[in-house]
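Subject: Structure for you to look at

Hello,

I am handing over the structure below. My notes on what was found in it follow.

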2 protein chains.
Amino acid sequence: MTQFKEIWEDVLSQPKVSKQEFKEAEPEIRRELVELQQELRNSKVSVMMVFAGVDGAGKHEMVNTLNSWMDPRGIITHAYAAEDLEATQHSPFWKYWRDIPAIGQLGLFLSAWYSKPLLGRVHRRMSEKDFKEHLKEISEFERTMTDNGILVVKVWMHMDKKAQLKRLNELSSKPDTEWEIKPGAWENWGMYDRFIEASTKIIRASDKAGIPWLLVNGKHRYARQLTVARALRDAMRHRLQNPPVDNSLTPTEWDKKMSPTRGSLRKMDLTKSLEKSEYKTKLKALRVRLYQLQHKAQLAGLSTVLVFEGQDAAGKGGAIRRLVQGLDAQQYQVVPIAAPTKAELAHHYLWRFWQHLPRKGRVTIFDRSWYGRVLVERVEGFATDAEWQRAYQEINEFEQQLINSNYVVCKFWIQIDKEMQLARFEERQNTPYKEWKITDEDWRNREKWDVYDVAVDDMISLTHHKQAPWVLVEGNDKSWSRIKVLETVCQQLEKALKTHT
Amino acid sequence: MTQFKEIWEDVLSQPKVSKQEFKEAEPEIRRELVELQQELRNSKVSVMMVFAGVDGAGKHEMVNTLNSWMDPRGIITHAYAAEDLEATQHSPFWKYWRDIPAIGQLGLFLSAWYSKPLLGRVHRRMSEKDFKEHLKEISEFERTMTDNGILVVKVWMHMDKKAQLKRLNELSSKPDTEWEIKPGAWENWGMYDRFIEASTKIIRASDKAGIPWLLVNGKHRYARQLTVARALRDAMRHRLQNPPVDNSLTPTEWDKKMSPTRGSLRKMDLTKSLEKSEYKTKLKALRVRLYQLQHKAQLAGLSTVLVFEGQDAAGKGGAIRRLVQGLDAQQYQVVPIAAPTKAELAHHYLWRFWQHLPRKGRVTIFDRSWYGRVLVERVEGFATDAEWQRAYQEINEFEQQLINSNYVVCKFWIQIDKEMQLARFEERQNTPYKEWKITDEDWRNREKWDVYDVAVDDMISLTHHKQAPWVLVEGNDKSWSRIKVLETVCQQLEKALKTHT
């Protein structure tokens, strides 16, 4: 145990605060917090404050204190319990993504993302390897939050073994507090050494620049309240005064880095096509195959995420409709992605996609997707250079989380050439019931064909992975592209079912 | 069976449409639908289209057709399956409320609210009485939608017993369609007569003015597609051209109707108070009692909804904090209600409250609530006369649904007098960390004290019920009001636990 001691000794030496001192300090810190909350409300920042640590060290009390000191209309408290059945149908971080606060808001998180590795390790339900893997995912999650303007404040409330015993005894001896002792609290206390060992590893692995842990001595009530409140004040003040550092590459630097990998689109053979009769035969057979595979996937609890991207008029919608016609409506959801709503803009850009992820055994088909960040948002300047440049990594980590939860992930880029697009645009314009499909924006996008080409090339080389592949689909002939999509989905499902069962 | 025949004979005599006729009609109806969708997008209307009827009669196909004919970005398809675990933790209509489309949107609903009574009655899982009760709830649900500007289009796809047999045989003989035959389809066919009997009752009970059923002959593919598409066109056109009829009472008529019931607030004895020492003793004891009761309620799967209303500075926040300090954070959620967001404004006004209802065994505390419709929205004119006047019934029906699902519902009105409000406003203004609590709006509201009084009186007399009572809390003395709230919650939980177990 000695090797962990040094971390905790400092914490335990944090001094007591007298009632008198507390009473004197309280009005000032409350005023400061309320003012900062007002500033927060008018900013682009949101705050996620996560509490972890020893049972009985005052986590719940602190949440109540902050709720009474600040305006509760700007605070959302999330305390996670096993009864959240919907969450059991999704990957581990789904519920935290669902609950990230909108800009201007403060989210307080109890029994949140540190509970699983901590208790998992204490009770040896989690191997050392899975523990490390999970901590890595936590770091990615927190970094993704921080990079996108969210302030993450982490508070660890500590007590030594003797003090915890005393607290547990105190709490359980009074009828109005005994409920605070959760089932398992005594058992956890009995494993105090393991608890500290796991805590130390967690803190070492997750104490990062910009996302440090605040370690608090939970022994003294007044002291711990002031310490936490002041840390929140300092973190908010610092974040509101210091916008994140822009460490993006210049366009020239980016081009230099990426240009050797470009050109995959130009290698595509867009003359590929299929006879009408062959198309019809194949389509029928593939629908049967797909239905049967999806039925097996459902039984196996295997979820599928399909992404469709492509130029305007490339045939995304048509390919998706051919795909779903063979599926049971209860099994899939098609999510067409348009410009973000106000509520979506007030959240992390990946937030809205997390909302639509399929639960276990189901399929979600995205007609356009999170790749908008590195396509339209990059080209049109809706995202800053820093934002779209770091998005590739964020997207890779996002998809990796799905893969870790046994999702089938497959991404289709449907490519047509400029002549074909023009022909289809004109056909749309000349067909009364298709005219709505063509807008001025489509014509404007067409003028930026080459710029989009570069963005697509970069996207494919930076986010193509064996388990979340980009499938390049030759789209000039619709029969060809539809069959290729269907065949690929079947193959991916077959492969996944083989590995999974 | 003869007594039901007449309804269905007309349906079955709907004629066939040739391929040629269909091809000629298709461009026109597509263009019309697309244009209406565009109009819808710029309106305050949304559309809920629900499909029901005989298996194999083309419901799913019709959903695909509409998705391919119209802009899928304006359509959301919901097909309900038993795997929606979160929905099992809520009252029956929760999932439909969750999914009502935003203004401008078209929602397509499969296996939705008519499935439960239909299959429940066919398989005799539901008594005649529950069946009728459920149909009543459906009618209330649809009327609430319609009254609030949502167009509800109901399509029943029918076939006779022989035609259904033929269709089932056809579908199951081809590998690319056999999956469409759900487990239970043959069994349902075997109970065709019961199915028609239940269907007839459903249609008779739910075919209302403004929300009629479209009965469609599902035998002929081209005919059924055109019939449904044209019915949707006609309904949308009619709704977009005809705003709902305003049948509100004039202020004089309303006053005449309500004035005899007013005055409950003036009868309150606001001098009621509690000694500090008694307060402390009671508070401690009540917290223990509340915690234990909530623990039992959780085990019993009993959910609780608490509503707090009251004048500005009446002490809602303080009462809520005293209440939750004795509860486990995983067991409750406090939802402070501020002005609606843009997304909330784009939905039915009750939509945002449904989102926050507790799952089984949990507690949600609303700091202000849906009663805003008949308080601030009435007084400030944010709701039209027709809107706030019908809101009482909508709210009663909403709360009745919760009660039917064994929720504990309790509503607190905390009342202070004008002098006390002034004293508290001034105290807030003179305390730096409380200054944020007082705004110009609070002072403006204060000027309308008497108008609010009338609205509160009306609210209490129109929405007070034994199972969802309004508890009038004397708020001049905070100790008194906090204890009264805690005591009432304990009593309500005790009563519910007694009835429930």
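A residue counts as buried here if 20 or more other C-beta atoms lie within 10 Å of its own C-beta atom, with the C-beta atoms placed from the backbone. Please keep in mind that this is a predicted model.

With that cut-off, helix α14 of chain A, residues 316–324, is mostly covered, since seven of its nine residues are buried. The buried residues of α14(A) are K316(A), G317(A), A319(A), I320(A), R322(A), L323(A) and V324(A).

Chain A as a whole

Chain A has 501 residues, and 39% of them count as buried. It holds 22 helices and ten strands. Along the principal axes, its C-alpha atoms fill a box of roughly 85 × 50 × 40 Å. If we take the contacts in chain A between residues at least 6 apart in sequence, 82% of them join residues at least 24 apart.

Nonpolar cores

Which residues have the most contacts inside the largest nonpolar core? They are V47(B), M49(B), V50(B), F51(B), L306(B) and I365(B), in a core of 110 residues. Strand β4 of chain B (residues 150–158) supplies the largest share of this core, with seven residues. Domain 1 (2–241) and domain 2 (252–500) of chain B both contribute residues, so the core lies between these two domains.

To look at one of these residues in detail, take V47(B). Apart from its neighbours within four places in sequence, V47(B) is in contact with L40(B), P101(B), L106(B), G107(B), L151(B), V153(B) and M236(B).

There is also a second, separate core, which has 109 residues. Among them are A87(A), L151(A), M157(A) and F366(A).

How the two chains are related

Chain A is superposed on chain B by a rotation of 180 degrees, with 0.0 Å of shift along the axis and an RMSD of 0.0 Å. The two copies are therefore related as by a two-fold rotation axis. Both copies use the same surface: 100% of the contact residues of chain A recur in chain B.

Which residue of chain A comes closest to the rotation axis? That residue is E86(A), whose C-alpha atom is 2.5 Å from the axis.

Regards

Notes. Residues are numbered from 1 along each chain as its sequence is written. Chains are lettered from A and ligands numbered from 1 in the order in which they are written. This is a predicted model: local features need pLDDT of at least 70, side-chain atom pairs count only at pLDDT 80 or more; totals for chains, interfaces and linings use all residues. A nonpolar core is a set of buried Ala, Val, Leu, Ile, Met, Phe, Trp, Tyr and Cys residues joined through C-beta atoms within 7 Å. A residue is buried if 20 or more other C-beta atoms lie within 10 Å of its own, exposed if 12 or fewer, and partly exposed in between; C-beta atoms are placed from the backbone. Helices (H or I, at least four residues) and strands (E, at least two) are DSSP runs, numbered from the N terminus. Domain bounds come from an automatic or database domain assignment. Two residues are in contact if their C-beta atoms, placed from the backbone, lie within 7 Å. Copies are superposed by least squares on the C-alpha atoms of residues with pLDDT of at least 70 in both.
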